[in-house]
Amino acid sequence: MRVLGIETSCDETGVAIYDSEKGLIGHTIYSQIELHREYGGVVPELASRDHIHRALPLIDEALQQAGSTKSDINAIAYTAGPGLMGALLAGASIGRSLAWALDIPATEVHHMEGHLLAPMLEDDTIQFPFLSLLVSGGHTQLILAKALGDYEIIGESVDDAIGEAFDKTAKMLGLPYPGGPEISLLAQKGNPGAYKFPRPMTDRPGLDFSYSGLKTFAINTLNKSDKSQQAKADIALAFQTAAIDTLFIKCKRAIAQTDATQLVVAGGVSANAYLRERLTQLEQKFSVTVHYPGKDFCTDNGAMIAFAGWLRLQYKTHQPLAFTARPRWPLNQLTKPSNNEDN
Ligand code: KG4
Ligand code: ZN
């Protein structure tokens, strides 16, 4: 079975073709970062228009990579949420109409389920149930992934997501959008111990996170500093260390609480090198293996959508023509596919 995956939830148009025998055989992506950079963040209307502009040429490119034509595609998977309404509708309408024209099924995919399953694209040792840490621009969640579509959120941010805190702190330090990779680059020049930032919500029980205070702490520290390049690098390092250490502390707690033997880390922030260094240390403390997505599959991409779609399509029996997009869509409200599913 060959599944065409389409991702358009935010500022990346991602297209991929997943073959159930051969794996990923086509993978193209167009990042709108340059388009949004001058505004310091994503402009939704510009994002939607650009997805419409890019999607069809990217589909052709992915088909070419795969040595396929449209008629070789057996199904389509597209991101239906959560994300920006217009951007989601662009991908959903292209995916659904293409499926209708080709007379093949189409399935909607939850963007965060795509992230959560992305490490499985290249690592077949990951098996349900597992503990997952989802860290992206919009989410910071600890999840008990019991089976496909069966996700229990056991901890999450009560305010900003970690990626959002990276982006806002970077903006305040005068770094370009998106700020996550920029902070980690600048942090390499920071002096360890120059500043000590708090580890929010670690002094009380529970698995929730809070990142807005850390961002404010960074602003206040900058305002009290001489605002030199060195001070900014020291703040970037102190911020990154505190943000990631907080994840480490909560993951440690979650593993102890759930007796998990696998921790699957996913989402854009999982590209962070310090996060990988720190969370991999959990393997020495517990009998747990820690898994990450491949480099190309941390941030938004079509491969994770094609893959999640393929897993889901094995259960689907009937596809409606009507479609919708869901800007807000809690991960614990997904359908749990079964062999006699009929929706
Ligand atoms: O998963 P993603 O591409 O989009 C969402 O679903 O939100 O994640 C984007 C987020 C941004 O906030 C970006 O700054 C952050 O991931 N990010 C990073 C790194 N690479 C991307 N944060 C920290 N370190 C990185 N290396
Ligand atoms: Zn994402």
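This is a predicted model: local features need pLDDT of at least 70, side-chain atom pairs count only at pLDDT 80 or more; totals for chains, interfaces and linings use all residues.

Me: Why is H111 called buried?

Reply: Buried means under 20% relative accessible area. H111 has 6% relative accessibility, so H111 counts as buried.

Me: What about D300, buried or exposed?

Reply: D300 comes out at 13% relative accessibility, so D300 counts as buried too.

Me: How do you know that the zinc ion (ligand 2) is coordinated by H111, H115 and D300?

Reply: Donors are N, O and S atoms within 2.8 Å of the metal. Here NE2 of H111, NE2 of H115 and OD of D300 sit at 2.0 to 2.1 Å, so they count as donors. H111 lies in helix α4 and D300 in the loop between β10 and α11, so this pair ties together parts that are 189 residues apart in sequence.

Me: What makes the H111 and S9 pair a polar contact?

Reply: The cut-off is 3.5 Å between N or O atoms. The side chains of H111 and S9 are 3.3 Å apart, so the pair passes.

Me: Why are β8 and β10 said to stand at the edges?

Reply: The open sheet has five strands in the order β8-β7-β6-β9-β10. β8 and β10 each have a single partner strand, so one side of each is left without a neighbour in the sheet.

Me: And how do you know that β7 and β8 pair?

Reply: Pairing takes at least two bridges. Six bridges join β7 to β8, so they pair, and they run antiparallel.

Technical notes
Residues are numbered from 1 along each chain as its sequence is written. Chains are lettered from A and ligands numbered from 1 in the order in which they are written. Side-chain values use heavy atoms; hydrogens and water are left out. Helices (H or I, at least four residues) and strands (E, at least two) are DSSP runs, numbered from the N terminus. Buried means under 20% relative accessible area, exposed over 50%, partly exposed in between (1.4 Å probe, protein chains only). A polar contact is a pair of N or O atoms within 3.5 Å; within protein, one must be able to donate a hydrogen and the other to accept it, and residues adjacent in sequence count only if both atoms are side-chain atoms. Donors are N, O and S atoms within 2.8 Å of the metal (3.2 Å for Na, K and Ca); water is not among the atoms, so sites may look incomplete.
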